[in-house]
Amino acid sequence: MKLVVQVKLLPTPEQAAALEATLRAVNEAAGHVSRIAFQKGCFRNFDLRKHTYEEIKARFGLAAQAAQHVIKKVCDAYRTLHVNLAAGNLGKPGCARRVKAESKPISFRLQAAQPYDDRCLSWQHGDRTVSIWTIAGRLRGIAFTGSAQQLALLAERRKGESDLVWRDGMWFLHATVEIADVPVAAPDGFLGVDLGIHNLATTSDGARHSGKGLNAVRHRHRQLRRRLQAKATKSAKRLLKRRRRKEARFAADVNHRLAKQIVTEAERTARGIALEDLRGIRDRVRLRKPQRVTLHSWSFHQLGVFIAYKAARAGVAVIHVDPSYTSQQCSRCGHVDKNNRPDQETFACTSCGFAEHADVNAARNIASRGKAGWAVSHAA
C-alpha cells in the first residue's frame, strides 16, 4: 500500500530564495513544453523529449534529470485531461467547459509542485536534513521536521519520488512510502454508512454524526469572506489571504476523525463497510440556487477516501453500492415509494407501517446491498 508522508522544510532565507527560483524555472519550462505538445499534438514522453529536451535544458538552466521530470509532468497532465474527457467529467462534447479545456494548452502555476527522484534529492535521516538540486546548484543541509510517526515511516519505508511543495509561504516535501498490505478479512456482515449534509454520516447501527457544527463553520466562513471581499481594503485582503484553506483544514480534520470512528467500529465487530457510489451526484442533482453552495461544499468524496484507506490499513473490506432509492426503500419489507419519506428526518413505510429515522433506514438498505454485492462478487 502506498501512502504520502508530509514533512516541513526549514530553509534559510538564501535556501528559500533558491527553491523559489527553481520552482519558477521548472514551471515556466513546463508551460513551454505544454505549448509545444499542444501545437504538435504530441503527448508521449519519448516523442515529446525529442522536441523539447535540449531546448529547455539550455533555455531554463535545468539539469538533465530535472528536464526529464518536467517533460514527464506535462505528459501526465495531458494524460489526466484526456482520461477526464473520455469519462465525460468535463461535460458533453460541445459544451462550454469541455471546449475551453480542449481549445488551449495546459498551464502550470509558477509555484506548482515539482517531483524529485533520488538523483536530485537525498535524505540524511540522522541529521534530519535533505540535499536537493536547484538551478543555483546543490543545496545541502536543509533541515526538515515532522511528527515522530511520520519521520519513522519515512526513514523505514520511503520509496519512489518526492514532491517539493510551496504553500502559504512554507516549504514541504511529500514523500511516497510503501507499507505491507494487510489481508482483507472475510466480513461477518456489513456496516452501512449513509453520507449526507445534515448528518455527515449515519451508520446502520443507528449512530448519527451530525454535520451541524461543520455547516455552521462553513456558513460563518462564507459570510466573513463575503464581507471582506466587499470591503476590498488592503487589510481585508491580507485577512482573506491568511484565512484561506482554514475551512478546508477544519473539514478534513472532521472527516479524518469520523472515518477513524467508522473503521474502528467495523474492525471491532469484524464487519465490512458499505458506502454509496456517489460519483457524478453534483451533475445529476438539480437544486435551487441557495442550496447549490451547500451541495458543492459537501466533502463526501474526501470522507469516502479517508474511510477507504483507513479500512485498507486495518484489513477491513469496503464495497460501494448503487445509491438509487436507498432513502425511499423500506429496510424491513423492501417497499419503495416516494411517500415513504414525508420529510428530511422521517421514514414511515406506507406498506408495512415500519417507522425509523430516514438516514438510519437508508444506512440499513446500504448494508443489505453491501452484503448482497459482496456475496455476488465473491461467489467463486
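So, in what order do the five strands of the open sheet come? The order is β10-β9-β8-β11-β12, with mixed pairing; strands here are DSSP E runs of at least two residues, helices H or I runs of at least four, both numbered from the N terminus, and two strands pair if DSSP finds at least two bridges between them. β10 (208-210) and β12 (318-321) are at the edges with a single partner strand each, so one side of each has no neighbour in the sheet.

Quick caveats: this is a predicted model, with local features needing pLDDT of at least 70, side-chain atom pairs counting only at pLDDT 80 or more, and totals for chains, interfaces and linings using all residues. Residues are numbered from 1 along each chain as its sequence is written, and side-chain values use heavy atoms, leaving out hydrogens and water.

Back to β12: β11 (residues 272-276) pairs with β12 in the parallel sense over four bridges, and L275 has H320 of β12 as its bridge partner.

Now the helix. α11 lies across β8 (190-195), β9 (199-203), β11 and β12, contact meaning heavy atoms within 4.5 Å. Its buried residues (under 20% relative accessible area, 1.4 Å probe, protein chains only) are F300, L303, G304, F306, I307, K310 and A311. They cover an arc of only 160° around the axis, taken from the directions from the helix axis to the C-beta atoms, which puts them on the same side of α11. Remember, an α-helix has 3.6 residues a turn, so residues three or four places apart point the same way. And just after α11, G315 has a positive phi of about 75°.

Conventions. Buried < 20%, exposed > 50% of the residue type's maximum accessible area, 1.4 Å probe, protein only. Axes fitted to C-alpha atoms, helices over the stretch in contact; angles between N-to-C directions.
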